[in-house]
Amino acid sequence: MLETQATKAAPSLLYMVKQVELVVRSHLDELVKPSGITALQYTALTVLERHDGLSAAQLARDSFVTAQSIADLVRSLENRGLVRRERNPRNRRELLILLTDAGRELLARHEEPVRELEERMVRDLTTHQTEQFRQSLTRAWHALS
């Protein structure tokens, strides 16, 4: 007996979240590529835009990259003049990573295209469904954090 589409099990939520993440990253990479950065670098810049002056460890956690890979990422952004590092006045052994004016300008240039990408992602949802989606993703993230 042939299995019909209706009787097949739906893909797992983990699989579906990963599919969305991969397609978003692909589109985001294409959007920021002309500026010479990657989607991961863009994500780190947006984290700094919201919470400037983070340690490398905190930036890695908030940017969803490993502590090992954040060093290369920050070095690349620093070489481009998009971030700078300075000593933490409260802990002289710690370096804080800060967004530069050039980093802010790059983010401003991409604000509209990134907003349009997000709108495209939820265009078939109502405003209420979009807010529920946002809340559901936040709750899922908190449950696993």
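1. Let's start inside: H110 is buried, at 6% relative accessible area. Here buried means under 20% relative accessible area, exposed means over 50%, and partly exposed is anything in between, with a 1.4 Å probe and protein chains only. H110 sits in helix α5. Leaving out residues up to four places away in sequence, H110 touches L31, V32, S35 and Y42, where contact means heavy atoms within 4.5 Å.

2. A word on what you're looking at: this is a predicted model, in which local features need pLDDT of at least 70, side-chain atom pairs count only at pLDDT 80 or more, and totals for chains, interfaces and linings use all residues. Residues are numbered from 1 along each chain as its sequence is written, and side-chain values use heavy atoms, with hydrogens and water left out.

3. How confident is the predictor? The mean pLDDT of the protein is 93, and 95% of its residues reach 70 or more; pLDDT is the predictor's confidence in each residue, from 0 to 100. Strand β3 (residues 91–99) has the lowest confidence, with a mean of 91, while α5 has the highest, at 97.

4. Now the layout. You'll find six helices and three strands, in the order α-α-β-α-α-β-β-α-α along the sequence. These are DSSP runs numbered from the N terminus: helices are H or I with at least four residues, strands are E with at least two.

5. On overall shape, the C-alpha trace spans about 70 × 30 × 30 Å along its principal axes. The radius of gyration is 19 Å, whereas a compact globule of 145 residues would come in near 15 Å. That radius is taken over C-alpha atoms, and the globule rule is 2.2 Å times the number of residues to the power 0.38. Buried residues make up 27% of the 145. Among contacts with a separation of 6 or more, 48% join residues 24 or more positions apart.

6. Back to S35, one of the residues that H110 touches. S35 lies in the loop between α1 and α2 and counts as buried, at 12% relative accessibility. Beyond four places in sequence, S35 touches R80, L106, R109 and H110. K33 is in the loop between α1 and α2 too, but K33 counts as exposed, at 56% relative accessibility.

7. What about the largest pocket? About 2,500 Å³ of space lies in it, and of its 46 lining residues, E21, V24, F64, M121 and L137 are the closest to its centre. A pocket is an open set of points on a 1 Å grid over the protein atoms alone, where a 1.4 Å probe fits, with protein on both sides within 12 Å along at least five of seven lines; lining residues have an atom within 4 Å of a point. Grid points are joined across faces, edges and corners, and the volume is the space filled by probe spheres set on the points.

8. Which helix gives the largest share of that lining? It is α1, with 13 residues. By class the lining has 23 nonpolar, nine polar and 14 charged residues. Ala, Val, Leu, Ile, Met, Phe, Trp, Tyr, Cys and Pro count as nonpolar, Asp, Glu, Lys and Arg as charged, and the others, Gly among them, as polar.

9. Finally, F64: it lies in the loop between α3 and α4 (67–79) and is exposed, at 62% relative accessibility. Its phi is near 65 degrees, positive in a residue other than glycine.
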